[in-house]
Structure formats: structure tokens, C-alpha cells
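Here is a short report for a reader who is meeting this structure for the first time. Look over the sequence and the model, then read on.

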Amino acid sequence: MSLWRSTIGASARRGHIRKNVERLDERIVPDTTGTVINDPTSSMGTTPSGSSTTTTSGSSSTTTSGSSTTTTSGSSTVTTGSSSTSATNTTQGTTTTTTTTTGGNGSTTTTTTTTPGDSTPPPVVQYAVGADGGNFALVRVYDNTGAKTSEFIAYPNFKGGVHAAIGDVTGDGVADIITGPGPGMKPLVKVFDGVTGQQLLSFNAYDPSFRGGVNIAVADMNNDGRADIITGAGDGGGSHVKVFDGKGLFPPEGGVGATLPPGPDNYILRQFFAYDAKYLVGARVAVADVNGDGKLDIITAPGTNGGPHIRVFSGADGTIYREWFAYDAKFSGGVYVAAGDLNGDGHAEVVTGMGANGIGQVKVFDGNSGRQLREFTPDGAAVRVSSRVSVFDFDMDGDPDIVVGDLNQINAYDGKTYVRTGGLTPFDPTHIGGFFFS
Ligand SMILES: [Ca+2]
Ligand SMILES: [Ca+2]
Ligand SMILES: [Ca+2]
Ligand SMILES: [Ca+2]
């Protein structure tokens, strides 16, 4: 493409080139070094609902369920006092239980417990954030209520940053967390179980000598009910994109993680170079159905030292469906990319954010035509590291939102009106240098 060559070629000739030699002897590397910081048994995306049972010592028992059935039998007699329970106030399936305990010294303690009923949907895991370089490789997972459901160090003793994405790779219906490292270590992709938090699998997505990092997207590319792992080489690598088959990595007959496959390249559904293989600009990746044919397409953007060249690769035949420059052709700070059908017309929009040394400008394109629909600068810091972007339903109103991350702040904007609908500070206040998320 002359469009591409004119800028990428120039930037590539200016230097910043690292060699990335692909070999076919990549192997799955069992790695159990993942460290779970908090309760490893905490589940993600599940919450007690429907019914709960509270038993008080003595003969008093209270059963509370979503349909507000309350049974109180007998009265409780405790040596040091008495306890009485009354269940009240059932509103739209939510039951409030009030327990009054009278201690032996005459003091009274009242405890009120609210149990969500059937009409209160359980929180769902929405996204994962990974710390950018300069921090330990901390990953945090958040649900739609803004609650942190888990956190762990994906790459112990590594401070090059971590890319994180979620998707049900194992097939148990709960989203798992998939990570790729930032620059500075081997291209080790890891899968952490969404239920247990345990590291299930790790493999080198590219030649183990490559140190540019791995960009990650997760989606069910072949529509077999298992999320697949899409990787793009990090900065300084070739623009090599691979799609790893989730079902191949976790065969159901073997049980989750029971048998490590002999080599990740045996489970590649598809691979290609997003740009000319001689331009070592890496590839950032996103997935959505841009052309509305029901097959997920792969959208790519170059990393640092590449031009702002967006490409959409058809999921049906792998050809380039659309391509355009998202920003001034001279901008070479790298572009972050995400996609989703914001306006509900059956075609995914492509959202871009400026990388390093830019002004953080976010743009929305009609992916089907490449036409720009909107551009804006997110709320928040005056000085921007970069605008990392994602598309998902942040406020759970049924419509996907544009979600922008910069420094230590997430801002969500309604996909149709562009009005800010919410936000979150994903890391502690001392966090510096940004984060990746999806
Ligand atoms: Ca799949
Ligand atoms: Ca498609
Ligand atoms: Ca659309
Ligand atoms: Ca929404």
C-alpha cells in the first residue's frame, strides 16, 4: 500500500527497528509462577442470589429467599441472651431481614441484612485492567457494579506492563483472564481461570527471544462457544497477528488444564501480518463484526513508530476489507484500537485513541466505510500519556459504551450520545504511568 509505505516506511527507516525472527519451534511452557494476591477461591461473576439460609444457635432458623418466604420456628435461647429474627419488607424480590439480639447484660444489637432476590441480576465481570510499565504487573478485574472481583500479579518481578482481556476460554461459562506482557520479557501469554484465579496455562505466542511484548484480544472467532485468543506482536516486532483456538488449548475431554497441548502453533486458527512484514511496528488488535456478515473481523493498528494506519481484515476470507489513517499520517506514537456496534446498525464502529506523545484524541469511525463519525478529547488530565480505548456496556443500559483509559482514570461515554456515563479509578492513587484494559 503506497499509503502505508509513505509513512511507515519513513518511520521504519528512521530506525527504532528490532529484529523479530519467527520460528516454528515454539512450545507450551508450563508456568506456575502466577501469584494470587487476594482470596484465590473468590469467584468472578457469580454472587449468591435466590436464597440464603441463616441459622441462629438454639432452635430459631430463618430462611430467606427471593420470593420472600420466611419461616421462623421456635425461639432461640442463648446462654448470654436471646435472639429474635423478623423478615420484612420484600420489594421487587429483595428481602430485608432484621435480627435483634439481646445480650446477657441487656444490651440490644440489631443487624439488618438485605438479600438480593430473583429480580436483582448478579453482577457480571466486565473488564480487566493491567498496569502499564514502571509498575508491577498487577491485573485487576472489575464487575458492572464497579466492584473489584479479583487481583493478581500476572508476571512476578516484571515491571514492563501487562495487557489483560477477558473471555471464557475454558468453556465453563465464566470469563477467564488472559494476559500478555509488555516489553522486556518473552512473549508469554497466560490464561487465569475466572472461577479459581489459578493460572491454567501459559505459552509463548511468538519466538521466545522476542522482547517487544504481546497485545491481546479475546473473542470466539470460530463460533464454537469457546473464546479464542488473538495476539499481535508488541512494539518493535513484525505485525504478526495470530488467532489461537480456545477449544484446542482447553479440550473438554481433558478437563481444564489437564493436558498441555504440544505446541501453541498447532492450535492456530489463523495468522497473518497486518502490514508489510518488513515494517517492525507490531500490531494492536481488536475484534468485531464490521461488515455485518455475522463473522468477527480483526481490526489492527500499529504500535509505536508506525503510522496511524487502521486495517480491517474480513473474518470470512482474511482479505483487507477497509483501511484508513485515523490521525495525521505523520503521527507515529502508535494507535490504540477497539470496536463495537455503537449505533446499532449491525456494523461495528472502530474506536481509536492516540498513543504516546499525542493529545489523547479519541475518534470513532464507521467501520464499514472508514468514515469518521466523531472525535473528542476525554475528560480528565490535562497532560495525557495516551488514550487506551475499549468498547463494552459500562453502565449496563443495554448499549455499548466508548470506554477510555488514561493515567489512572477510566471514563465511559454513551456510544450513541457521547455523554459521559461513568468512570472509575482502577488502581491506587499512587499508581503512575497508565494501564491497559479491555
Ligand atoms: Ca472459539
Ligand atoms: Ca464480519
Ligand atoms: Ca454501527
Ligand atoms: Ca451503555
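Ala219 stands opposite Asp228 in β16. This pair belongs to a predicted model, where local features need pLDDT of at least 70, side-chain atom pairs count only at pLDDT 80 or more, and totals for chains, interfaces and linings use all residues. Residues are numbered from 1 along each chain as its sequence is written, while chains are lettered from A and ligands numbered from 1 in the order in which they are written.

β15 and β16 (residues 228-233) pair in the antiparallel sense, over six bridges. Two strands count as paired if DSSP finds at least two bridges between them. Strands themselves are DSSP runs (E, at least two residues), as are helices (H or I, at least four), and both are numbered from the N terminus. In general, strands of a sheet pair through backbone hydrogen bonds, either parallel or antiparallel.

The pair is part of an open sheet of four strands. Its order is β15-β16-β17-β18, with antiparallel pairing. Which strands stand at the edges? They are β15 (214-219) and β18 (268-273). Each has a single partner strand, so one side of each is left without a neighbour in the sheet. From one strand to the next, the twist averages 15°. (Axes are lines fitted to C-alpha atoms, for helices over the stretch in contact; angles run from 0 to 180 degrees between N-to-C directions.)

**The core**

Val218 touches Ala165, Ile166, Gly167, Ile178, Ala227, Ile229 and Ile230, not counting residues up to four places away in sequence. Contact here requires C-beta atoms, placed from the backbone, to lie within 7 Å. Val218 is also a member of the largest nonpolar core, which has 95 residues. Along with Ala128, Ile230, Ile299, Val337, Ala339 and Ile402, Val218 touches the most other members. Such a core is a set of buried Ala, Val, Leu, Ile, Met, Phe, Trp, Tyr and Cys residues joined through C-beta atoms within 7 Å. Buried means that 20 or more other C-beta atoms lie within 10 Å of a residue's own; exposed means 12 or fewer, and partly exposed is in between, with C-beta atoms placed from the backbone.

β19 is mostly covered: five of its five residues are buried. Arg284, Ala286 and Ala288 lie on one side, Val285 and Val287 on the other. Five bridges join β19 to β20, and the two run antiparallel. Val287 stands opposite Ile298 in β20.

The loop between β19 (284-288) and β20 (297-301) holds Lys295. Is Lys295 buried or partly exposed? Lys295 counts as partly exposed because 15 C-beta neighbours lie inside 10 Å. Leaving aside neighbours within four places in sequence, Lys295 is in contact with Asp289, Gly315 and Ala316. Lys295 and Ser314 are 19 residues apart in sequence, and their C-alpha atoms are 8.0 Å apart.

Asn305 is found in the next loop mentioned here, between β20 and β21 (309-313). Leu407 lies in the loop between β28 (401-406) and β29 (409-414). Asn305 has a positive phi although it is not a glycine.

| Residue | Positive phi | C-beta neighbours inside 10 Å | Class |
|---|---|---|---|
| Asn305 | about 80° | 21 | buried |

β25 (residues 362-366) is mostly covered, with four of its five residues buried. Five bridges join β24 (residues 349-354) to β25, running antiparallel. Thr352 stands opposite Lys363 in β25. Five bridges also join β25 to β26 (residues 371-376), again antiparallel. Asp366 has Arg371 in β26 as its bridge partner. The hairpin of β25 and β26 has four residues between the strands, and Gly370 there takes a positive phi near 80°.

**The whole protein**

The protein has two helices and 31 strands. Of its 438 residues, 47% count as buried. Among contacts between residues at least 6 apart in sequence, 53% join residues at least 24 apart.

How confident is the predictor? The average pLDDT (confidence in each residue, from 0 to 100) is 77, and 69% of the residues score at least 70. Over residues 1-104 the pLDDT is below 50. Beyond near neighbours in sequence, this stretch has 203 contacts in the model.

How values were computed: Contact = placed C-beta atoms within 7 Å. pLDDT = per-residue confidence, 0-100.
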